[in-house]
Amino acid sequence: MRTPVIAPELRSACRVHARLLDSFIELTRAELDRQSCAFAQESLRETLELLRADRKAYGALGGLIAVSDAA
């Protein structure tokens, strides 16, 4: 199977988005650790799932390794 050609500009933009998502994932994890409210914890867990999925997509397009799914 052939690998699609991805424009360098798109790869670069994906790397920027991936780095931002990495930072936001870490920020969200830290906030989750500080929360005692069950509703807020569940909401942040759901947010982490979405962020990780987005990160994997940007990482794949940008040629980056995806972050781990460890909680």
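Start in the middle of things: select Leu21, Ile25, Leu32, Leu44, Leu48 and Leu51, the six residues of the largest nonpolar core in this predicted model. Now color by helix, and you'll see that the elements giving two or more residues to this core are H1 (8-34) and H2 (38-62).

Stay with Leu51 for a moment. Which residues does Leu51 touch, leaving out those up to four places away in sequence? Show its surroundings and you'll find Leu21, Phe24, Ile25 and Thr28.

Next, zoom out to the whole cartoon. There are two helices and zero strands here. Select H1 by itself: its 27 residues reach 40 Å from the first C-alpha to the last, close to the 39 Å expected at 1.5 Å a residue. Within H1, highlight Cys14, Ala18, Leu21, Ile25, Thr28 and Leu32, which are buried.

Now try Val16, also in helix H1. Why does Val16 count as partly exposed? Its relative accessibility is 37%, and partly exposed covers the range between under 20% (buried) and over 50% (exposed).

The accessible surface comes to about 5200 Å², and 60% of it belongs to carbon and sulfur atoms. Of the 71 residues in the protein, 23% are buried. And if you list contacts with a separation of 6 or more, residues 24 or more positions apart account for 52% of them.

Technical notes
Residues numbered from 1 in each chain as written. Predicted model: local features only at pLDDT ≥ 70, side-chain atom pairs only at ≥ 80, totals over all residues. Heavy atoms only, no water. Core = buried A, V, L, I, M, F, W, Y, C linked by side-chain atoms within 4.5 Å. Buried < 20%, exposed > 50% of the residue type's maximum accessible area, 1.4 Å probe, protein only. Helix = DSSP H or I, 4+ residues; strand = E, 2+ residues; numbered from the N terminus. Contact = heavy atoms within 4.5 Å. Areas by Shrake-Rupley, 256 points an atom, 1.4 Å probe, with all protein chains shown as cover. Expected span 1.5 Å × (residues − 1).
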